[in-house]
Amino acid sequence: MDLRIRDLTKEFGDFKAVDHFSYDLRCGVYGLLGVNGAGKTTLMRMLTTLMKPTSGQIIWDGEDIFAMDGRYRNLLGYLPQDFGYYPDFSIYDYLMYIAALKGIRPAVAKQRVKELLKQVGLVKARYKKMKTLSGGMKRRAGIAQAMLNDPKILILDEPTAGLDPSERIRFRNLISELSEDRIVLLSTHIVSDIEYIAGDILLMKDGCLSVSGTAEELINSMPEPVWSCTVPKSRIDACLKAYKVANVKTIPVGAELRIVSRGRPTEDAVRVVPTLEDVFLCYFGERTGDSDGTV
Amino acid sequence: MVRYELKKVFGCVGGKIALVLYIAVLALSCWLSSTGALNAEVKWVNEQGKSEYGPAAVRKLREAQTEWEGWVDQDKLGRVIQENQRINATPEAKSDIVQQSEIAYSWKQGFAPIRKILNESYSNGFREYDYYTADRITAIDEDTFYANREKLVKNWLYDETDGAYFKYSESEKQYIIEQYKELQTPFYFTYYEGWHQLLENAGYIPSLGILILCFLLAGIFSNEFKWKADAVYFSTLCGRNKATSAKIKAGFLLVTVLYWGAMLIYSLFTLCYLGFEGASCVIQWQFWKSIYNLNMWQAWMLALISGYIGNLFLSFLTMWISAKTKSTVFAVTTPFILIFLPSFLEGMANWLDKILSLMPSHLLEFYQNLGSFNILTIFGKVFRTLDVSIPLYLTLSVILIPMMYLEYHRKRA
């Protein structure tokens, strides 16, 4: 059971959204990390056959997924970033309809829907209309639909976007529960979403795979160390402009900064143990939207 | 899957309102046919010259006209003329007081339809109608009565001062005359108010109903994109094949069930209320000049089929546009244009009129078009437009099915 991505490229005119991306996925949870616009969604849409690549191949157990057509989609569970639903359907109707789309016989579907509603904690709300649900409940209904066919490949595109912290934790745990015996590819730009549940993490930048590995491997292979230092208020701005600053904590005498930098930023700076967030900042610091490099 | 597609259509408030509106159109059609409010009122004028309405009036009218039932031959025509003359000689008929005139009219109700076609047959010109023509006839000949129809149309077609002379080619003129010759005479008369009203008001359900149907169906494909449900839909096993077929089936089922259901209720209501008699009467009782030689029953069957094909075509077209453009608004606008545009453009040019006569809107008001002279010459052969448009739009409807499927099948999120 392996999904091989080979030299995958998707071009929109002159713009390369995905640029010669190659990676092999086997059983387990994979976190796809990247800033907005890194090409995560385009990659996932190709993995779900919604979009054809300009070049390259995606191979499932030795067969091209586009040639497999329906057979491949039968193995697939997908929760898109912009998860749409039928506003006037109840959760139960929605899941039964998606089960029909997935070719599941009604009798089997009923049983499966019942199990999944229990698993995602929506039993009591099953007859509520989709349009009346909270963001978290909609996402849970979304993961339930993705799981209906017990997929071998589960693709979750920014599944925690817009959720409050408790919903995000709940969702993370749910994904962890569902990840047995399948490939789960989860894209996000929120580091904590995948820090604890992903086996391998893929950092994507400008359509390319920048680096990959376990959280530990990524932390250990960080090209720049992480520092902690205290600076007076007057120097905060200068530091923000000069370094990739992971954190600013205001204290009475100034601010305590967490900085990712090749060199020691201040004389009193001490090295600290890096985290995955520091890795993210190290690779994507310049692309976080602020010219000063803060996250 | 079809059930869920229908649930998507009717689950929202708009869908429910549209269904209520469709029922309202049905109710309006039933009311119009039972009262004749927009054409000839269904009424009985009593001995006091007062109008009566309702089931009792229908019963009295039926009884009065049943007395005149039979072949409209020399004998029947003579009796009608004689009776008409007798009534005209009464003080009530000569009176200028409206109520007195109404009393005189009440005695003519039994043979009023025969009197009407006497006016048609003996009119001074093909395009003229004088209500009092029959009152001026004192003696009649059966042969002249029916032959006048053909004579008048010939005069009209070959009158160089009339537009028809230039409008129709020689072969088209001959075709019209041939249709006139083929009409079986003498006519049979019986009470036919049920069929008359049924046919007169038959256009409302297909014409107004299709706007509602198109509104319901406009989102059947495009709403997947509007609701952003397309990504999940197309990434499933059946999203690009069976589910797309289910959408087409749901559309077909929706049009078929609503149209035939409404027309069945409308037919039964009208005929049960006004009577089933008169199915074998020719439509010339209402459309004296018609080039279609049909009886009421045949006209009704064709009106049903024609309306259905018109509804089916416009619904499928709406669905195809919905699949093609992913736009509900664009999809719902197109049928409106196709239905209403001809009425704005008609009469601008002869060639344009011929094209417009083939527009699907003519299928929706089939009965009204039986009275028109829309004919076409295709590869040297002359056709009545309704003979062309029914198979044409049936074929186009069938062609739209794979077009819809392929269009949506190709779509990706």
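The model is predicted, so local features need pLDDT of at least 70 and side-chain atom pairs count only at pLDDT 80 or more, while totals for chains, interfaces and linings use all residues. Residues are numbered from 1 along each chain as its sequence is written, and chains are lettered from A and ligands numbered from 1 in the order written.

Strands in chain A come up now. Helices (H or I, at least four residues) and strands (E, at least two) are DSSP runs, numbered from the N terminus. Two strands pair if DSSP finds at least two bridges between them. S11 (residues 226-231) runs antiparallel to S13 (residues 254-260), with six bridges. A two-residue hairpin links S12(A) to S13(A).

Now the cores. A core is a set of buried Ala, Val, Leu, Ile, Met, Phe, Trp, Tyr and Cys residues joined through C-beta atoms within 7 Å. Buried means 20 or more other C-beta atoms within 10 Å, exposed 12 or fewer, partly exposed in between, with C-beta atoms placed from the backbone. The largest core has 97 residues, and A:Tyr94 and A:Leu95 are among those with the most contacts inside it. Helix H4 (residues 91-101) of chain A gives the largest share, nine residues. Another core, apart from that one, has 85 residues, including B:Trp285.

Is B:Ser245 buried or partly exposed? Partly exposed, because B:Ser245 has 17 C-beta neighbours inside 10 Å. B:Ser245 sits in helix H15 (residues 242-274) of chain B.
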